[in-house]
Amino acid sequence: GTAGQRAQERGDRLRQRKRQRSVDGPHRGGEPADRRAHRSCAGPPATPGPQESNVDGLLILAHPVDTHVALGTKATFSVKVPQPANTTYQWQKAAPQSTVYSPIAGAVQATYTTAAVEASDFGSSYRVVVTSGTDVLTSRAGHLIVRPGQFLEIDGQAVIEAEHYTSKVDGSGGAPFLIVPDEAPFTAGGTNESYLNARADKFIQGQPDIGGNKGNDVSLVGTAPYVDYSVKITTVGEYQLYLRVIGWDGSSDSLYAELLSDNQRLPAPNPGWYRYGGLLPAVLPLDFSQLRNNPTDPTPVGWTGYAAPEHVDGTDADVPAVFTISNPGTYTVRLSQREDGTSVDTLILQLSSMTPPTDPGPSESGFEPAGSQGGSLPVLSVQISGNQLTVTWTNGGSLQEAASVAGSWSPVATGGTYSTPMNQAARFYRVAR
């Protein structure tokens with residue numbers, strides 16, 4: 001035919017191919033359309049879903065995070081990549097107020113733990129250079145932040161990441177609380193499942209998990225090992241304590257929680273402390289109905305705001321973990337071990353009238369690094385003259401005494417001086433302000 005007829009035929013064939021592609025969808029290497037339709041109709045994934053797909057190229061899934069530590073303790077920073085077997089690491093440190101990073105000798109793993117922190121370390125930044133083949137990435141930096149201090153309750157709520165404790169007491173003979181990556185609590189029996197990875201951060205965990213426990217001895221509630229969280233509360237009312245927590249040993253892993261004011265247990269509708277237990281059934285996979293806001297509510301929210309007073313009231317039933325706060329002030333949430341192996345991700349102390357938290361919960365509350373009052377700390381001194389003991393102190397505050405170093409403490413004097421006869425039972429003294 002003519003040149004015009006040939007051009008018309010080519011145009012018809014091109015339009016036909018375009019119409020066919022619009023029916024079949026994008027070209028997938030000759031894969032039939034009916035096969036693609038069958039694959040897209042596969043059932044939805046079951047909890048906890050299939051393993052993550054392979055990643056083409058290097059990327060960082062979880063960067064180092066800011067870490068709060070007390071003087072003399074150690075801090076741990078970590079990074080996560082999708083294919084760690086093919087990756088090398090080099091951690092770097094920058095001094096406070098500096099952006100110049102230097103390699104840390106021997107820090108070549110995915111996790112880096114500092115030496116015991118000195119005062120000059122606070123404010124330092126830590127990052128890691130990750131290499132896989134020809135790909136090189138530098139992580140965001142995590143910062144070393146000083147403790148102690150206090151979290152700030154705002155509008156009736158205080159949210160605390162468990163690894164950001166104000167202080168920690170390990171004691172002797174028990175399994176201390178340690179900071180671990182969020183995956184660590186969920187590796188057992190050859191199974192590696194990450195159930196409560198809320199923000200790719202960290203947990204505290206009682207280690208080692210060897211079946212140790214304090215039984216039902218109420219005198220051991222609040223004893224070491226324990227961690228404390230200081231919270232400044234301005235909104236008074238009834239507060240409920242929620243924990244995002246898990247354990248490995250079925251209904252046995254558990255911990256105690258209480259609220260303290262000036263180192264004294266705060267009265268509560270129940271005995272003043274609660275046992276959070278029954279955190280994970282013995283058989284995997286995890287039944288999220290074991291972690292809930294109400295024992296009769298099967299909604300899988302990953303939180304528990306109910307706990308047991310544990311035999312003190314004659315029962316072992318779960319009740320709302322409620323504390324009554326009548327006066328503004330600084331309070332301490334104390335978590336102490338009942339059994340080792342228990343892991344804690346987050347704590348929320350909020351008015352019981354507020355909506356319970358849902359997975360993964362709100363972001364951490366603001367933190368006030370200077371938890372103590374301003375000015376110089378009190379200085380206490382003791383003098384003996386004849387049968388008279390005289391205690392003096394400077395920089396304000398009131399003197400308290402107790403028959404035991406563990407309390408209970410009672411105020412005895414203000415004004416900076418106090419005298420008492422020597423012929424009485426032994427006493428311990430401290431200054432509070």
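This is a predicted model: local features need pLDDT of at least 70, side-chain atom pairs count only at pLDDT 80 or more; totals for chains, interfaces and linings use all residues.
Visitor: What makes Y274 and F323 an edge-to-face pair?
Guide: The ring centres of Y274 and F323 are 5.4 Å apart with planes at 90°.

Visitor: Why is Y274 called buried?
Guide: Buried means under 20% relative accessible area. Y274 has 0%, so it counts as buried. F323 also comes out at 0%, so buried is the word there too. Across the protein, buried residues make up 39% of the 433 residues.

Visitor: How many aromatic pairs does the rule give?
Guide: Six. Ring pairs also tie F77, W91, Y112 and Y126 into a cluster.

Visitor: How do you know that R127 sits over the ring of Y101?
Guide: For Arg, the test asks for CZ within 6 Å of the ring centre and within 35 degrees of the ring normal. The charged end of R127 is 3.9 Å from the centre of the Y101 ring and is placed over that ring. R334 likewise lies over the face of Y226, with 3.8 Å to the ring centre.

Visitor: Now the strands. What makes β29 and β32 partners?
Guide: Pairing takes at least two bridges, and β29 (residues 398–402) and β32 have five, in the antiparallel sense. One of the bridge contacts joins E401 to Y429 in β32.

Visitor: Which order do the strands of that sheet follow?
Guide: The order is β30-β29-β32, three strands in an open sheet with antiparallel pairing.

Visitor: Why are β30 and β32 at the edges?
Guide: β30 (410–414) and β32 (428–432) each have a single partner strand, so one side of each has no neighbour in the sheet. On average, neighbouring strands here are turned by 35° against each other, ignoring direction.

Visitor: How many helices and strands are there in the protein?
Guide: Two helices and 32 strands.

Visitor: What share of the contacts joins residues at least 24 apart?
Guide: Taking contacts between residues at least 6 apart in sequence, 70% join residues at least 24 apart.

How values were computed
Residues are numbered from 1 along each chain as its sequence is written. Side-chain values use heavy atoms; hydrogens and water are left out. Helices (H or I, at least four residues) and strands (E, at least two) are DSSP runs, numbered from the N terminus. Axes are lines fitted to C-alpha atoms, for helices over the stretch in contact, and angles run from 0 to 180 degrees between N-to-C directions. Buried means under 20% relative accessible area, exposed over 50%, partly exposed in between (1.4 Å probe, protein chains only). Contact means heavy atoms within 4.5 Å. Rings of Phe, Tyr and Trp (its six-membered ring) pair if their centres lie within 6.5 Å; planes under 30 degrees apart count as stacked, over 60 as edge-to-face and the rest as tilted.
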